Amino acid sequence: MQPPWRAGMRIVDTAPERIVEVGYRRARAGGGTETAWLPVDVVRVDRLPAGCDAVVVTGDLQGVSPSPWGGEATLLGIALADYLTVWAQAGLLPPPERVGVLLAGDLYSAPGADARGVSGPVDDVWWAFAAAGCPFVLGVAGNHDVVTSADLADLGPDVVLFDGDCVDRGGVRFGGVGRVIGASSRPGRREEAAQLDLVTRVLHEAPDVLILHQGPPGRRPDQFGHPALADRIAQTPPALVVCGHVHWPVPVSPLPSSPSGHVLNVDGRVVVLRTATPGPEPSSRPSREPSVRSG
């Protein structure tokens, strides 16, 4: 008998709807820092976990921004957690208490946003989403994240850093594997065979949503990913694969191995999953939040 969680969460409308953008600072190729914009889009799914009116999915937030409440620039993910309340007050999102969070990794930035490829602690990002009141914060570590389950243990059972395991939340099963494929002598990497074994172990538990940092390729030639992950996922495809690590110009791709499954790439973006049922809708025109300006 097929497990009940195999019914969803499936993307039913692959056209993202932009609702807002957040300005931030990031390291510029070749040195220095630059202003960039973090897009926040809505994508429709067939169902959400019980108790949620939306699920925020994001990753590769490698930049800094002040909180909407003011103050010095901090990790972009911390500022993003504060924006959830601001957007709820503006009618763009439900209250944070009704918004689950999925994190696909790489949440660190150099404090000055002036060096690329740096690694560092990101537990404060996880704590920020929990402090915002989100009912769950689930995700994986990227290859530039310094964070362990022990760092998050005081946040309780609804904050889960996956690395080869699954949990059920609101009638939806989530699982995940962190890091990327590579030489295990380097931080944030795992040998290919070991990484694929962990992915297989998770898929055997039949998750609705598989969260990875490094994901499979999409169908478009500019939707890069690791082919070995695609082959392994094809054996037991979930409804939704969330990933980041490399940027996709178009964030959604069908899973070649599944008639109704999709890959959602959230490298440098926020995707808000919502159902098509009536409820609070975003404003018809997207707006931009102020960026951090250099002095």
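## Two residues with positive phi

Ala 113 lies in the loop between strand 6 (99–103) and strand 7 (120–121), strands being DSSP runs of E with at least two residues, numbered from the N terminus. Although Ala 113 is not a glycine, its phi is positive, at about 50°. Ala 113 is buried, with a relative accessible area of 0%; buried means under 20%, exposed over 50% and partly exposed in between, with a 1.4 Å probe and protein chains only.

Arg 179, also not a glycine, has a positive phi of about 70°. The loop that holds Arg 179 runs between strand 12 (172–177) and strand 13 (180–181). Arg 179 is partly exposed, at 35% relative accessibility.

## Basis of the values

This is a predicted model, in which local features need pLDDT of at least 70 and side-chain atom pairs count only at pLDDT 80 or more, while totals for chains, interfaces and linings use all residues. Residues are numbered from 1 along each chain as its sequence is written, and side-chain values use heavy atoms, leaving out hydrogens and water.

## Overall form

The protein has five helices and 20 strands; helices are DSSP runs of H or I with at least four residues. Its radius of gyration, taken over C-alpha atoms, is 18 Å, close to the 19 Å from the globule rule for 295 residues, so the protein is as compact as a globular protein of that length. That rule is 2.2 Å times the number of residues to the power 0.38.

## Burial and contacts

Of the 295 residues, 56% are buried. Among contacts (heavy atoms within 4.5 Å) with a separation of 6 or more, 66% join residues 24 or more positions apart.
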